[in-house]
Amino acid sequence: MTEITKPLVVKTIAEFRAAIAEALVAAQEKLDAQARAAAAENGTVVEYTDASLGYVPTMGALHHGHANLMRRAREQNEVVAISVFVNPLQFGPDEDYEKYPRTLEADVELAARVGVDIVFAPEVEEMYPDGEPLVRISSGELGSRFEGATRPGHFDGVLTVVNKFFNIIGSATGGHRVNAYFGQKDAQQFLLVQRMVRDFNHDVTLRAVAIVREDNGLALSSRNEFLSDDEREAALVISRTLALLREHSLNRGFEGIDLDGARERINATPGVRLDYLELVDPNNFNAPTSESERVLALVAAYVGQTRLIDNMDLR
């Protein structure tokens, strides 16, 4: 039986930077030794490769969707680090910041099973030592639509903390490549982070990873644990409606989709209240056109008191 090595858990920015730097040095030494051994065995010139860091930002309460992100990072990088931080900046005054699940011990166990090397789990005071930051990143006009319309300031908070994480990591890598992994369920967030990386010249490559669903189609989310059994059943209308839209689009094109009928289907489900259901071009989140390479059906709905989001490619 293979022994599982627990990741190093650090709480401060200084410890996180030191852990990344040390792990990358060790990984690079191992890669160099392997390259020299292969060249000696084959009688060829030594071909060196650079170690890379795979990074997965999370708010904890990790599930199989997060595990999929971490596995992808493990497959593609020599060092894997995750952050576990419930970021207060991205929660509105009436949202669930205080009751958001905090399960660090279980999170570390899951991270260990998928081969994570470093877990950064800072307290709020470590990330924001002077209280709420005076300077924040603005998500602009795109950040005020869809999720941003319902949750004003949400994306400003997301971008501010991700920018901070990228700065922390960048100063520790010593020029090694950084790949950051995000789930596609938060499609609007991914586009905004992409734009931030370009606008702020972060030396980070973003990797989108497909949505992970339960066997019944429900998209995995840390907030699913707030759902009762009846609510979990009711929530299936979300993914099933998206699947019907996809089937229609693949057979007849997205232009003839009856969005009003799809919205009514969701709202007619007891215990479910639709926030929005729209079709967008995921490259800009504008309405799709015949020139759009992809069309995304984007949905948010309340199931009981729990707000869920989901999306699905229609072509």
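A salt bridge is counted here where a side-chain nitrogen of Lys or Arg lies within 4 Å of a carboxyl oxygen of Asp or Glu. The structure is a predicted model, in which local features need pLDDT of at least 70 and side-chain atom pairs count only at pLDDT 80 or more, whereas totals for chains, interfaces and linings use all residues. Residues are numbered from 1 along each chain as its sequence is written, and side-chain values use heavy atoms, with hydrogens and water left out.

Helices (H or I, at least four residues) and strands (E, at least two) are DSSP runs numbered from the N terminus.

The side chains of R151 and E95 meet at 2.7 Å, N to O. This pair links distant parts of the chain, with R151 in the loop between α5 and α6 (154–170) and E95 in the loop between β3 and α3, 56 residues apart. R151 is buried, at 10% relative accessibility, while E95 is partly exposed, with a relative accessible area of 30%. In a further salt bridge, the side chains of R223 and D96 meet at 3.0 Å, N to O. Here R223 comes from the loop between β6 (205–209) and α8 (229–252) and D96 from the loop between β3 and α3, the two being 127 residues apart. Both R223 and D96 are buried.

Q90 is also found in the loop between β3 (79–84) and α3 (104–113). An unreviewed UniProt entry places the feature "binding site" at Q90; UniProt positions are given in the numbering used here, feature names are shortened, and annotations may be inferred rather than shown by experiment. Q90 counts as buried because its relative accessibility is 10%. Residues up to four places away in sequence not being counted, Q90 touches M59, E95, R151, H154, G157, V158 and V161, where contact means heavy atoms within 4.5 Å. Among these contacts of Q90 are E95 and R151, the two partners of the 2.7 Å salt bridge.

The protein is divided into domain 1 (8–209) and domain 2 (222–313), with bounds from an automatic or database domain assignment. The C-alpha centres of domain 1 and domain 2 lie 28 Å apart. Their contact takes 21 residues from domain 1 and 21 residues from domain 2. About 1700 Å² is buried between the domains, and carbon and sulfur atoms give 54% of this area; buried area is the accessible area (1.4 Å probe) that two parts lose on being put together, summed over both. In domain 1, the residues that lose the most area to domain 2 are F146, E147 and K185, which together account for 31% of what that side buries.

Between domain 1 and domain 2 there are two salt bridges. Ten residue pairs across this interface are in polar contact, with both residues at pLDDT 80 or more. A polar contact is a pair of N or O atoms within 3.5 Å; within protein, one must be able to donate a hydrogen and the other to accept it, and residues adjacent in sequence count only if both atoms are side-chain atoms. On the side of domain 1 that touches domain 2, the elements giving two or more residues are α5 (147–150) and α7 (187–199). Of these, α7 gives the most, with three residues. The side chains of E147 and R307 meet in a salt bridge at 2.7 Å, N to O.

T306 is found in strand β9 (residues 306–313). At 6% relative accessibility, T306 counts as buried. Apart from residues up to four places away in sequence, T306 touches R223, F226, L227 and A301.

Technical notes. Buried < 20%, exposed > 50% of the residue type's maximum accessible area, 1.4 Å probe, protein only.
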